[in-house]
Amino acid sequence: MKCVICKQGETRRGTATVTLEREKATLVFKDVPADVCTTCGEEYIDDATTGKLLKAAQEAASSGVQVDVRGYKAA
């Protein structure tokens, strides 16, 4: 797909690092599948993956985690 940010590059499958803050928790997910622009590096993460990340962030916040770095695992 054409990048909506730079409007020049095309996206390719790759990975991203995503940082989420929920309540007092900060979570960093590495190796998240994403489409990445070949020109500007903008990352696009699909709805299903985003839902999984948000759910994990809420669970971590509810359990009292303050900072957590984890690798992304597709369920």
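Q: For contacts between residues at least 6 apart in sequence, what share joins residues at least 24 apart?
A: In the protein chain that share is 54%, where a contact means that heavy atoms lie within 4.5 Å of each other. Please keep in mind that this is a predicted model, in which local features need pLDDT of at least 70 and side-chain atom pairs count only at pLDDT 80 or more, while totals for chains, interfaces and linings use all residues. Residues are numbered from 1 along each chain as its sequence is written, and side-chain values use heavy atoms, with hydrogens and water left out.

Q: OK, and how many helices and strands are there?
A: The protein chain has one helix and four strands, and read from the N terminus their order is β-β-β-α-β. Both kinds of element are DSSP runs numbered from the N terminus, a helix being H or I over at least four residues and a strand being E over at least two.

Q: How much of the chain is buried?
A: Of its 75 residues, 31% count as buried, which here means under 20% relative accessible area, whereas exposed means over 50% and partly exposed is in between (1.4 Å probe, protein chains only).

Q: Which residues make up the largest nonpolar core?
A: That core has 12 residues, including Val-18, Leu-20, Phe-29, Leu-53 and Tyr-72. A nonpolar core is a set of buried Ala, Val, Leu, Ile, Met, Phe, Trp, Tyr and Cys residues joined through side-chain atoms within 4.5 Å.

Q: Which elements supply it?
A: Strands β1 and β2 and helix α1 (47-62) each give at least two residues to this core, and the largest share, five residues, comes from α1. As a general background, nonpolar side chains in soluble globular proteins tend to be buried together.

Q: What does Ala-61 touch?
A: Once residues up to four places away in sequence are set aside, Ala-61 touches Arg-22, Glu-23 and Ala-25.

Q: New topic: how many salt bridges are there?
A: The count comes to three, a salt bridge being a side-chain nitrogen of Lys or Arg within 4 Å of a carboxyl oxygen of Asp or Glu. In one of them Asp-35 pairs with Arg-13, and their closest N and O atoms are 2.9 Å apart.

Q: Where do those two residues sit?
A: Asp-35 lies in strand β2 (residues 25-37) and Arg-13 in strand β1 (residues 11-22), so the pair ties together parts that are 22 residues apart in sequence. Asp-35 is partly exposed, with a relative accessible area of 22%, while Arg-13 counts as exposed at 56%.

Q: And which residues form the others?
A: Glu-10 and Lys-2 meet through their side chains at 3.8 Å, N to O, and Arg-70 pairs with Asp-68, their closest N and O atoms being 2.4 Å apart. Glu-10 is partly exposed at 31%, Lys-2 is partly exposed at 45%, and Arg-70 is partly exposed at 30%.

Q: Last one: is Thr-11 buried or exposed?
A: Thr-11, which is found in strand β1, is buried, with a relative accessible area of 8%. Leaving aside neighbours within four places in sequence, Thr-11 is in contact with Met-1, Asp-35, Val-36, Cys-37 and Tyr-44.
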